[in-house]
Structure formats: C-alpha cells, structure tokens
Amino acid sequence: MNRVFSLTRLFAIVAKEFVQMRRDRLTFAMVLGIPLMQLVLFGFAINSDPRHLPTAALIEDHSAFSRGLIAAMENSEYFDLTEVVESEARAQELIERGEVQFVLHVPQGFARDLLRGERPQLLLLADATDPAATSNALASLDEVLRRVLGRELDGPNAWLLSTPPAAALVVHAAYNPERISQYNIVPGLMGVVLTMTMVLITGLAITRESERGTMENLLATPARPVEITLGKIIPYVLMGYLQAGLILLAAKFLFAVPMVGSIPLLAAVTLIFIAANLAIGITFSTIARNQLQAMQMGFFFFLPSILLSGFMFPFRGLPVWAQYIGEVLPLTHFLRIVRGILLKGNGIEAIAHEVGPMALFALVALLIGLTRFRQTLD
Amino acid sequence: MSDGEAGAPPPVIDVQGVTKAFGAKTVVDHIDMCVRAGEIYGFLGPNGSGKTTFLRMLCGLLTPDEGTGTCLGFDIRRESLSIKREVGYMTQRFSHYEDLSIRENLDFVARLYGIPKRRAAVDQTLEQLGLVERQRQLAGQLSGGWKQRLALAACLLHQPKLLLLDEPTAGVDPKARRDFWEQIHGLAAKGLTVMITTHYMDEAERCHRLAYIARGRLMTRGTVEEVIERAALATFEVRAGNRPELIARLRSAPAIAQVVPFGNSLHVSGPDRRAIEAVLAEQVGSDSAWKQIDSSLEDVFISLMTEAERAPR
Ligand SMILES: Nc1ncnc2c1ncn2[C@@H]1O[C@H](COP(=O)(O)OP(=O)(O)O)[C@@H](O)[C@H]1O
Ligand SMILES: [Mg+2]
C-alpha cells in the first residue's frame, strides 16, 4: 500500500519532471537537436556518392583492350586516371599515402590470354578505409568491364562472352572488407542517438538533484527510491520515443530506407533498449558526485557502444576480445534487431536471441542502480 | 544536567548517545537530547560542530553509528519513514526547485505527502505565509527572505508535529527575521515542537531552551538563565581603550579565559572572579576603568567554544 509504493507520489515526480523539462529549453532542444544533427551529418555520408576518384594504372599489357578499359572507366565518372605507374611498389606507395583511391593492374599477356579463353585476372587494389567512398565505384566497375568485354570481343571471339565471364575482376579491398550498405546507417542511428541521450540525460537529471541539494528535501519526504527513480525515468522514456519516431520518419521520407518489418514490434523492442540505457544512466548517477562526472561516465559508456557495436565498424571485422565486449552492450543487439526488422522483415522468432541479452542487461543494470540508490545521505 | 521535570509534557525528541562519524572524524559524539512538546529548542554551536548532521539523524536522512531513541515516539533507526511523515525539515541550504514557481513547489511537496484536498491546503499555506501574491514567481528569482518563507511553507503543508529548522534565518534581513520568529512562536503556541539551529544570540534568547555543541560534543543545555548560571563565568567590562598591547597582555594572563572587544570596551572573562580582579588591578590600574557585569549568552558560548578547542581529542 502507501508505505512501499505510491502511484500518487510517482505521478507527482513525473509531473514535476515534465514541468522542469518544459522550462529547460536548452536540454529539450538538445534532445531533438541531437538526432537531427546526426541525421544531417550521417545523411551526408550516406548520400555522398563520390565520383572522380583518383586512380593509378599499372599497365603491363598495352593493348586495345586495356586502352578501352581505361577509357570506359573514365567515362563512368567514378575513376580519374591520375598517374600511370611502372611498378607494383610505386602503386602500393600511392595507395598507402592516400594519393589514389584505386590502382588498376592489367597483368602481362592479358589480351592474349583473354583471346585464348584462359579467363585472365584483372586486379583492382582499392583503399577501402572508408567503404562508403568506394562502394559505388566498385559496383560500377563490374558493369564497365562487361561493356568493354562486349565491345572488344566481337565477331569470332564472341563465344568468349558466354558465362563464366571471360575475364575475372579481382578486387583487393584493403583495410575494410565489409562494405556498409547505406541502409545500415539510418536505422543504426536510432540506437546510437537513444544510447547517447538516454544515458546522459538520466545521469544528469538525477545527479542534478544531489548537486542542487534538492535530493535532501526529496529524501526527507516519504518518497521512496523506486518512486523517485521511476518518476525520473518515465518522462525520458517518452522523450526516447520522440527521438526514435523522428529518426524513423527521416529514414522513411528523407532517406527512403525500406521498412519491411513490423513497426509495433520495433516499438516494443525499443522500450527494452531504452530501459537498458536509462538503467545505466541511473547506475552512473548513483556513482557520480556531480553532473560533470555523470557526463564523463556517460561518454565512457557511449564510446565503446558506438565503436564496438557494429555501428562504426563492421562487427565481424573487430578483434575477438572486442566482439566479447560488444556482445555485452545493448546497442550491439539493438542494431541487429533494428536492421533485422526494418530491412529483412524479421519477426519475433528471428530476433528473440538478440532481445534476450539486451533485456538481461537492462535488468542487471536496473538492479544495481536501485540497490545503490541511497535512501539516506550517508 | 537533567532535562526532566515532573508533570512536564511528553518528550517529542528523546535520544541517547547519538554518534556519527564520517571516516575517522567523529562529527556527532554521544549526544543525549530531550525536547518536549510545544517547546522551541535552540541548537547552537560553531560551524562544523555537527548540528546539521544531528538534525539529519533525527529525521532519518542519516543513520546514526551509535545511539538509540525516539522521535515523535518512533524509533530513529527503524521507523524513519513514519518520522518523515510527521516532521517538517527545513534544510540549511535552499533545496526547492528553482525552475518551479512557489505554487508548483508547494504542490509537488503536497503530492509527495499525499495531502488530501491538495489545492485548499496549498492555498491556505500560501495565505498563512503571505505568499499568495508571489505564487507564480519562480523560486530561483526570489530573494533570501522569500525563499525562506517558501521553505517554511513547504515544511508546514503536511501539518507536522515537529519542525526541524536548520539555520532558517541565515542571510535574511532583520524584518524578515522578526516576522519569521513571530510565525514560530505562533506555531509553538498551537502545540508544534520546534528545534532550530542559529548563530544569532537574539534568536537564541527567544528559545525556551538551548543546547550548545562544539566539535560534536554537547557542552551545555537548559534555559538561557540556567546556561549562564551554570557556566559560572565572571565577566568584566574594561573601558581603557582597545589597545592591542593591552589585549595581548590580558590574554596572556592565565586567569583570563577570554578577551573580546565590544565597541569601545573589552569584555574580559574567566572562571575565577578574584583572580581576574587581581590581573585587572595590575594591568589596567584604578578600578574606575573596569567593573563586573552580567555574563551574556555570547560570553558563555565563546568561552565554551574556546574550552572545546583546547580540549584534547
Ligand atoms: N556527508 C558528509 N561526509 C563527510 N563529512 C561530512 C558530511 N556531512 C558533514 N560532514 C562534516 O561533518 C562536520 C559537521 O558538519 P555539520 O553537521 O554540517 O556542522 P554544522 O551544521 O554544525 O555546521 C563538518 O566538518 C563537515 O565537514
Ligand atoms: Mg549546518
């Protein structure tokens, strides 16, 4: 009854929090501004379809074929031939120094082997540090090659065009093998933005009470830790949904991200994810002595989340130890869930194994936060 | 030093041996206290002597390391939730929400206490403390005196039986202080018990009874008269100009416990009247320049403080 938990008191805290939120325009603006800013920033990265990428050529077989290939590549607008090099060492150096994005290597006897039907290899060395920058160019290259082959192998040699292709294109994508599809980013952004604001804002909202001394008053009233904590959390859950909604709308209408799966399912899972992050925020606020410390701890959590979850770098490209850390973080699982639901149309069975660890994390963090929450000022 | 009298009203605060240490530092050291219903009890002591810590233990904000007792009949260790419902605690530092208005702050407190007919209760409290006109003003924009009224209003909303007020008049102008004390006396007349910490001597004299602590230890307690009498302090007023070398010479005399400049005169006091007279006769000369006066509360407190500082820990 009234002793242990009171809805009236819970509601009192929730209502108070809303009034304060309304007065604190700056924080409110940040909560809406952060997703917008990130959308714009990452949106550019997604839209950017860089062309005229500097390309070096190492031609060991001067033939009509190699000339035609280079001309066709330049015509595609993705590649600009900036330098013709004589040795592989030089080509490697150009890539390493970032002076060219690609090196095309036409090996010796290419044309001869081609006509003999030996299916020779064309080599393309790509600097894939930023996969977004190279992926479109790479995608176009297959098409370019097909057209050049079609043009060069006419008449009696046309039989060579039948599958398998007459020449194989071997791409060496240096530094980053998994190319992130553009649709990956916007749904992922939802998880990133939620992590950032939920952890930071709850951490701040609770330490603010201690820092300003209002916690002493709150604790001198019959309010219980559970009521105080939940009362402070609930408004931010709604805030989190606001952010998630904003990003989904942008994903649909600005970036035309396909949404195959069930949005209600996504909303339900998002609640667990939000809870996990809020719980972390509460736990931090019980450790931090002031708002600055809460903020620092928030970033301390945010960085691995963004780096090791598969948002910034492909998860499978991480070293094993980092993957272990990543598996603990709620963002890792949420990213898989969001992408699964939106892009692949996953249903509940397909994502259950990702929801589990996330819910467990939320539960453990909440328990730690609640037990650490001091009912007294000791 | 007994607080009890036959036929006195029942105790509202009754604790024994209350002790609290932060790390190695004992901040409240075995304090006994008994405050009776309807009393205004003054709690004095220098800064850092443990007053706030003691009040926090009474209302369940801190757990005592040692000691037992009751507050409003509830055990201070186990029943802090019941104590919180019936105590109005005014913190030393203003601790209401600066971004909420007076009314919103009171409304919030009223909800936390689950006060029935909340609107009416808030209206009535606003009225009682003269806050009606300012009810829509944000707490952060109020001056010290108004903040203090808001804080008092918030403690009174749930009609507590005991008020614990921690330096409520610090930084408040004299007029507002007087209004405040009128409120307090009015409330005590209606049966409310008030425990109040202060550094002002005039406020100490308005209390029914006092306790003085220094370095966490209770030094004395009783009515103003009892406290002065018990101190058995002889005080002399010396009108010989406040020359620094005279002050230094008087201070170096073992018979003299303290020398305090008061305007154009010096207050010289110590436990032994005759010994002081001997020193003054020698240092100041003719007895026309000095005479014995009644020790004031302030003289007593300063001497207690000095005594506590000299005592080994
Ligand atoms: N939470 C705390 N942790 C550590 N030390 C504390 C804490 N609260 C008070 N103190 C120390 O206890 C002593 C007494 O403080 P306090 O009770 O506030 O004294 P007063 O109210 O008489 O000025 C001070 O030295 C203070 O620094
Ligand atoms: Mg204090």
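The secondary structure of chain B in this predicted model comprises 11 helices and 14 strands, where helices (H or I, at least four residues) and strands (E, at least two) are DSSP runs numbered from the N terminus. The model is a predicted one, in which local features need pLDDT of at least 70 and side-chain atom pairs count only at pLDDT 80 or more, while totals for chains, interfaces and linings use all residues. Residues are numbered from 1 along each chain as its sequence is written, chains are lettered from A and ligands numbered from 1 in the order in which they are written, and side-chain values use heavy atoms, with hydrogens and water left out.

Along the principal axes, the C-alpha atoms of chain B fill a box of roughly 70 × 40 × 40 Å. The domain assignment, whose bounds come from an automatic or database source, divides chain B into domain 1 (13-223) and domain 2 (234-294). The C-alpha centres of these two domains of chain B are 39 Å apart. Of the 313 residues in chain B, 54% are buried; buried means under 20% relative accessible area, exposed over 50%, and partly exposed in between, with a 1.4 Å probe and protein chains only. Among the contacts in chain B with a separation of 6 or more, 68% are between residues 24 or more positions apart, a contact being heavy atoms within 4.5 Å.

A magnesium ion (ligand 2) has Thr52(B), through OG1, and Gln92(B), through OE1, as its protein donors, at 2.0 to 2.1 Å. Donors are N, O and S atoms within 2.8 Å of the metal (3.2 Å for Na, K and Ca); water is not among the atoms, so sites may look incomplete. Thr52(B) belongs to helix α1 (residues 51-58) of chain B and Gln92(B) to the loop between β6 (87-90) and α3 (102-112) of chain B, so the pair ties together parts that are 40 residues apart in sequence. Thr52(B) counts as buried because its relative accessibility is 17%, whereas Gln92(B), at 42%, counts as partly exposed.

In soluble globular proteins, nonpolar side chains tend to be buried together. A nonpolar core is here a set of buried Ala, Val, Leu, Ile, Met, Phe, Trp, Tyr and Cys residues joined through side-chain atoms within 4.5 Å. The largest such core has 91 residues, and those with the most contacts inside it are Ile13(B), Met33(B), Phe54(B), Val87(B), Leu164(B) and Met195(B). Helix α7 (residues 182-211) of chain A gives the most to this core, with 13 residues. Apart from this core lies another, of 50 residues, which includes Leu129(B), Ala154(B), Met201(B) and Leu233(B). When residues up to four places away in sequence are not counted, Met195(B) touches several residues, among them Tyr41(B), Phe43(B), Leu55(B) and Leu58(B).

Over all chains, the structure holds 10 aromatic pairs. Rings of Phe, Tyr and Trp (its six-membered ring) pair if their centres lie within 6.5 Å; planes under 30 degrees apart count as stacked, over 60 as edge-to-face and the rest as tilted. Phe65(A) and Phe110(A) form a stacked pair, with 4.8 Å centre to centre and 25 degrees between the planes. This pair links distant parts of the chain, with Phe65(A) in helix α3 (residues 64-75) of chain A and Phe110(A) in helix α5 (residues 110-115) of chain A, 45 residues apart. Both Phe65(A) and Phe110(A) are buried. Elsewhere in chain A, one aromatic cluster is formed by Phe284(A), Phe301(A) and Phe361(A).

Charged side chains also lie over rings; the criterion is NZ of Lys or CZ of Arg within 6 Å of the ring centre and within 35 degrees of the ring normal. Arg149(B) is placed over the face of Trp146(B), at 4.7 Å from the ring centre, and Arg177(B) over the face of Tyr200(B), at 3.8 Å.

Leu72(B) occupies the loop between β4 (66-71) and β5 (74-75) of chain B and, at 17% relative accessibility, counts as buried. Gln159(B) is in the loop between α5 (144-156) and β7 (162-166) of chain B and, at 64%, counts as exposed.
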